[in-house]
Amino acid sequence: MGGQEHFCIKLTIIMHRKVIQVIKKLTISSLKPGSTANTANFNQKEKSKSAPFQPAKKQLEIEQHGSNYKVNPVHNVTVLDSALNQKINLAYKCKKGTCGKCQIKVLKGDTLITSVNDREQKKLREKTNDGYRLACQAVFKER
């Protein structure tokens, strides 16, 4: 017997076990015309087995040119590269911190990124006090 045949037989057995579990949940009254089977508890138990609870991930909320974005943190990666990889089209040019085109305002989650560096301070000056950053220079910290 080949590996694929063995897999198919095993999958069929697992499926039959699930069908038997569902059938055990059925009652005579649930089989009457117009009634529906009460399998909600069974389905809920199955979902909880396969999808363990995961806390919501923190996101960096930013604004650029009047549009707001939420960027998922990627540790040790710049906000710009993280956003671009997540299909968020932030404006940018040099990726070196000299042109300032990737300027963003951090609305929420500033603790997720590194503090202002010298390039940002030189380019943005006092704006850094108001939450402005260069997306190419701000790096997501490790948790």
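In what order do the elements of the protein run from the N terminus on?

1. **The overall plan.** Please keep in mind that this is a predicted model. Starting at the N terminus, the order of elements is α-α-β-β-α-β-α-β. That gives the protein 4 helices and 4 strands.

2. Of the 143 residues in the protein, 24% are buried. The protein exposes about 10,700 Å², and 53% of this comes from carbon and sulfur atoms. If you look at contacts between residues at least 6 apart in sequence, 57% of them join residues at least 24 apart.

3. **The largest nonpolar core.** This core has 19 residues, and Leu 60, Ile 62, Val 79 and Leu 90 are the ones with the most contacts inside it. At least two residues each come from strand 1 (60–64), helix 3 (79–85) and strand 3 (103–108). Helix 3 gives the most, with 3 residues. As background, nonpolar side chains in soluble globular proteins tend to be buried together.

4. **Val 79 as a place to start looking.** Which residues is Val 79 in contact with, leaving aside its neighbours within four places in sequence? They are Leu 60, Ile 62, Val 71, Ile 104, Ile 113, Ala 135, Ala 138 and Phe 140. Two of these, Leu 60 and Ile 62, were also named above among the residues with the most contacts inside the core.

5. **How strand 3 pairs.** Strand 3 is joined to strand 1 by 3 bridges, and the two run antiparallel. Within this pairing, Glu 63 has Lys 105 of strand 3 as its bridge partner. Strand 3 is also joined to strand 4 (residues 132–134), again by 3 bridges and in an antiparallel arrangement. Here Ile 104 stands opposite Arg 133 in strand 4. Ile 104 is also one of the contacts of Val 79.

6. **Glu 120, a residue worth a look.** Is Glu 120 buried or exposed? Glu 120 sits in helix 4 (residues 118–124), and it counts as buried because its relative accessibility is 0%, where buried means under 20%. Its side chain makes a polar contact with the side chain of Arg 133, at 2.7 Å. Not counting residues up to four places away in sequence, Glu 120 touches Ser 115, Arg 125, Thr 128, Arg 133, Leu 134, Gln 137 and Ala 138.

Conventions: Residues are numbered from 1 along each chain as its sequence is written. This is a predicted model: local features need pLDDT of at least 70, side-chain atom pairs count only at pLDDT 80 or more; totals for chains, interfaces and linings use all residues. Side-chain values use heavy atoms; hydrogens and water are left out. Buried means under 20% relative accessible area, exposed over 50%, partly exposed in between (1.4 Å probe, protein chains only). Contact means heavy atoms within 4.5 Å. Accessible areas come from the Shrake-Rupley method with a 1.4 Å probe; for residues, only the protein chains shown count as cover. A nonpolar core is a set of buried Ala, Val, Leu, Ile, Met, Phe, Trp, Tyr and Cys residues joined through side-chain atoms within 4.5 Å. A polar contact is a pair of N or O atoms within 3.5 Å; within protein, one must be able to donate a hydrogen and the other to accept it, and residues adjacent in sequence count only if both atoms are side-chain atoms. Two strands pair if DSSP finds at least two bridges between them.
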